[in-house]
Amino acid sequence: FRHKYDITIPEDLVEEIGRTIGYASIQTIPLKMAVETPIRYPLRELERRIKQYFSLDANFNEVFNYSFSSKKDTEFESLNSDLALGIANDMPEEQSFMRTSLYPGLIRQAVSNQDRFPEVQIFEIGRAYFKLNKNELASEKRILGVAIISKSKHADLDGIEKEFLSARDT
């Protein structure tokens with residue numbers, strides 16, 4: 001039974017030999033390879049420092065949203081939604097384009113959490129996709145997006161402006 005179904009790749013044969021003679025009888029030999037220092041990637045280091053600042057120092061929560069979006073979401077910041085990058089495969093309508101902005105996802109996340117917390121402070125470092133004209137390939141850009149929802153204690157415009165300035169200074 002086993003020879004027909006369990007041994008389909010060379011690694012299966014090695015496993016059977018080990019099982020037959022006993023794994024304990026196989027001598028272990030450490031691998032020898034050069035350990036090289038990884039290449040520094042300044043953009044990744046910057047991204048890590050930004051995440052650390054927002055999450056630890058400024059008390060924000062990091063969120064992750066899909067890179068797929070709807071046609072309506074691609075019109076959020078773009079004046080020309082015809083330049084949005086569509087997905088060729090069959091996808092649900094709400095995920096048939098690549099996002100051009102982080103803000104529709106951030107707003108949805110903030111709104112869905114506003115009844116659970118007195119203040120919602122979220123951020124996302126994500127990618128957005130843009131085409132300059134219909135004949136060019138799209139470009140990918142990393143973007144930092146921030147959303148804050150606060151149940152304002154102030155009913156006047158001056159109080160709201162002070163909250164905004166406080167959040168901006170964070």
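Okay, Ser-101: you'll find it in the loop between β3 (97-98) and α5. This is a predicted model, by the way, so keep that in mind throughout. Ser-101 has a relative accessibility of 5%, so it counts as buried, the cut-off being under 20%. A polar atom of its side chain lies 3.1 Å from the backbone nitrogen of Tyr-103. And if you skip the neighbours within four places in sequence, Ser-101 is in contact with Phe-76, Glu-77 and Ala-128.

Now, the core. Which residues make up the largest nonpolar core? There are 7 of them: Val-63, Leu-102, Leu-106, Ala-110, Val-120, Ile-122 and Ala-147. Two elements, α5 (103-113) and β4 (119-130), each supply at least two residues of that core. Take Ala-147 as an example. Again leaving out the neighbours within four places in sequence, Ala-147 touches Leu-106, Val-120 and Ile-122, and also Phe-60 and Gln-121.

That brings me to β4 itself. How much of β4 is buried? Of its 12 residues, 9 are buried, so to speak mostly covered, by the under 20% cut-off. With β5, residues 139-150, β4 runs antiparallel, and 12 bridges join the two.

Next, the aromatics. Searching the whole structure turns up 3 aromatic pairs. Start with Tyr-53 and Phe-54: the ring centres are 5.5 Å apart and the planes sit at 80 degrees, so that pair is edge-to-face. Then there's Phe-54 with Phe-60, where the centres are 5.2 Å apart and the planes are at 85 degrees, so this pair is edge-to-face as well. Ring pairs link Tyr-53, Phe-54, Phe-60 and Phe-123 into a cluster.

While we're on rings, here's a charge over one. Lys-141 has its charged end sitting over the ring of Phe-130, 5.2 Å from the ring centre.

Most residues other than glycine have a negative phi. Asn-59 isn't a glycine, yet its phi is positive, about 60 degrees. Where is Asn-59? It's in the loop between α3 (42-57) and β1 (61-62). And Asn-59 is exposed, because its relative accessible area is 58% and the cut-off for exposed is over 50%.

Ser-101, with its side chain 3.1 Å from the Tyr-103 backbone nitrogen. The β4 and β5 pairing, with its 12 bridges. And Asn-59, with that positive phi.

Definitions and conventions
Residues are numbered from 1 along each chain as its sequence is written. This is a predicted model: local features need pLDDT of at least 70, side-chain atom pairs count only at pLDDT 80 or more; totals for chains, interfaces and linings use all residues. Side-chain values use heavy atoms; hydrogens and water are left out. A nonpolar core is a set of buried Ala, Val, Leu, Ile, Met, Phe, Trp, Tyr and Cys residues joined through side-chain atoms within 4.5 Å. Buried means under 20% relative accessible area, exposed over 50%, partly exposed in between (1.4 Å probe, protein chains only). Helices (H or I, at least four residues) and strands (E, at least two) are DSSP runs, numbered from the N terminus. Contact means heavy atoms within 4.5 Å. Rings of Phe, Tyr and Trp (its six-membered ring) pair if their centres lie within 6.5 Å; planes under 30 degrees apart count as stacked, over 60 as edge-to-face and the rest as tilted. A charge sits over a ring if NZ of Lys or CZ of Arg is within 6 Å of the ring centre and within 35 degrees of the ring normal. A polar contact is a pair of N or O atoms within 3.5 Å; within protein, one must be able to donate a hydrogen and the other to accept it, and residues adjacent in sequence count only if both atoms are side-chain atoms. Two strands pair if DSSP finds at least two bridges between them.
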